[in-house]
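Hi,

Here is the structure I promised to pass on. Have a look at it first, and then read on for what turned up.

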Amino acid sequence: MRALSLLSVGVLSLGSLAAGAQTAPGAMKNLVQKPAPLQVALTPPMGWNSWNFFAGRVTDKDIRAAADQLVATGMKDAGYVYVNIDDTWEGDRDADGVLHSNAKFPDMKALADYVHSKGLKLGIYSSPGPKTCAGYAASLDHETQDAQLYASWGIDYLKYDLCSYRESVMSAQAPDDKAAQMRLMVAAYAKMDKALKATGRPIVYSLCQYGWDAVWEWGPKVGANVWRTTGDIQPNWQSIYSILNEQAGLAKYAGPGHWNDPDMLEVGNGKLSLAENRTHFSMWAMLAAPLLAGNDLPNMKAEVRAILTNRDVISIDQDRLGREATHAYSDGEVDVWTRPLSGGAMAVAVVNAGSDRYSTHPFHLSLARLGLHGPLKGKDLWTGKEIRLTNDMPVEIGSHDILLVRVPSLK
Ligand code: GLA
């Protein structure tokens, strides 16, 4: 496996060599000898994670079914490739300190092989503390051993959740010193990064510590590809909307290889209305967030599948420029966000956070406040139809619904 990943790194280097045209004789040799760093998550990772629907009940069977469904529903073709096992897979350590999966996951290597056989990738979960958030064995003092174990199974993604590291290490070692506690936290994340890199396997490294100590400022320094910016998401509008608002100001920290993570998708979960599912999905795409579905794939309704596989919206999320949306302005209960896209295009999102439809007093979209001049032709990404944007045009949007428009290059 190691040989394989080094091989693919070699190919990457050759690719960049070809792109870089001005190559001195002999440089090729140097490049091949010195592989470029492993590059993962050049666009926000897409896939599915077990926690939001299954929580502690997840089994090997559910993971296989999720992999099957990603293929059968067309989600894989739309870009969803990671199948991530969250907490509660962990068993005990043996006399040599090697961690074993519990009875719900009888053979992790076989599971990884199965997921890979579908052209998908497998993710796993741990904590830098002695225990995970659900109280299972975690990686404290076994970081290298665990990283090697993941690589030997063929793991492609690690979510590393702070959990018991807070009480057992941070508070225990530096009870009255917040700054020292934060340094311990950063060191724990750096330690696992080193252990993962040492395996030679490209593994997406996802930090989960709820956004503490402005993780977006130091995440890239500890090798993070994604970092949670918030506490846990819930399948209701209040949770989704408050997380959305917390993202304002974080755009400058995101880019290819390192992304803000406002938590996994709840699309299709709880009692979210279709409008709420659409807005949630659209705004996570605007935020260049990882798109990790968290719903019951074998029982997914057609309308939920249509949302999750809307290619126009996915292409906003995956835009290769990698620039996250910023909040442009709010007027009453309506918020306007914009995202610059590659080739000079732009995405404009208008969210009605109010509980009523605007009818007698429709919202008026100010193009001037977005730095645009109308009229402009764009595409409404939920109707698929052309839309003409003019300055101060009245826009009617249902409660908790969204108007999402792609405006082609203005040049
Ligand atoms: C924390 C994380 C969740 C989930 C659970 C698992 O709460 O934030 O996303 O991973 O732990 O126990």
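Before anything else, a word on naming: helices (H or I, at least four residues) and strands (E, at least two) are DSSP runs, numbered from the N terminus. With that in hand, you can find S164 in the loop between β6 (157-161) and α8. Keep in mind that this is a predicted model, where local features need pLDDT of at least 70 and side-chain atom pairs count only at pLDDT 80 or more, while totals for chains, interfaces and linings use all residues. Residues are numbered from 1 along each chain as its sequence is written, and side-chain values use heavy atoms, with hydrogens and water left out.

The score here is pLDDT, the predictor's confidence in each residue, from 0 to 100. Its mean over the protein is 92, and 90% of the residues reach 70 or more. The part to be careful with is residues 1-31, where pLDDT stays under 50. Where pLDDT is low, the predicted coordinates should not be read in detail.

**The overall picture**

The protein has 14 helices and 18 strands. Of its 411 residues, 54% are buried (buried means under 20% relative accessible area, exposed over 50%, partly exposed in between, with a 1.4 Å probe and protein chains only). Contact means heavy atoms within 4.5 Å. Among contacts between residues at least 6 apart in sequence, 69% join residues at least 24 apart.

**S164 and helix α8**

Back to S164: this residue is buried, with a relative accessible area of 10%. Leaving out residues up to four places away in sequence, S164 touches S127, G129, P130, K131 and V169. V169 belongs to α8 (residues 165-173), where Y165, V169 and M170 are buried. Looking down the axis of α8, these buried residues fall within an arc of 80 degrees, so they line one face of the helix (the arc is that of the directions from the helix axis to the C-beta atoms). What they pack against is α9 (178-198).

**The cores**

A nonpolar core is a set of buried Ala, Val, Leu, Ile, Met, Phe, Trp, Tyr and Cys residues joined through side-chain atoms within 4.5 Å. The largest one has 94 residues, and I63, Y80, V83, W89, F281, W284 and L308 touch the most other members. Helix α9 turns up again here, giving the most to this core with seven residues. Apart from it lies another core, of 20 residues, with V334, L370, L376 and L403 among them.

**Aromatic pairs**

Rings of Phe, Tyr and Trp (its six-membered ring) pair if their centres lie within 6.5 Å; planes under 30 degrees apart count as stacked, over 60 as edge-to-face and the rest as tilted. There are 11 aromatic pairs in the whole structure. One of them, W89 with W153, is edge-to-face, at 5.7 Å centre to centre and 80 degrees between the planes. W89 sits in the loop between β2 (82-84) and β3 (90-93) and W153 in helix α7 (residues 143-153), so the pair ties together parts that are 64 residues apart in sequence. Both W89 and W153 are buried. W237 and Y241 have ring centres 5.4 Å apart and planes at 10 degrees, so this pair is stacked. These two are four residues apart in helix α11 (residues 237-246), which separates them by about one helical turn. There is also an aromatic cluster made up of Y160, Y189, Y205 and W218.

**Strands around β15**

Two strands pair if DSSP finds at least two bridges between them. Strand β15 (residues 376-380) runs antiparallel to β16 (residues 386-389), and four bridges join them. In this pairing G378 stands opposite I387. The two strands form a hairpin with five residues between them, and G384 in the turn has a positive phi of about 80 degrees. β15 also pairs with β18 (residues 402-407), again in the antiparallel sense, over two bridges; there, R406 is the bridge partner of K379.

Most residues other than glycine have a negative phi, and most peptide bonds are trans. A cis peptide bond joins G374 and P375, with omega about -10 degrees, and P375 lies in the loop between β14 (363-365) and β15. D213, not a glycine, has a positive phi of about 50 degrees and is partly exposed, with a relative accessible area of 40%. A288 also has a positive phi, near 55 degrees, but is buried at 0%.

Cheers
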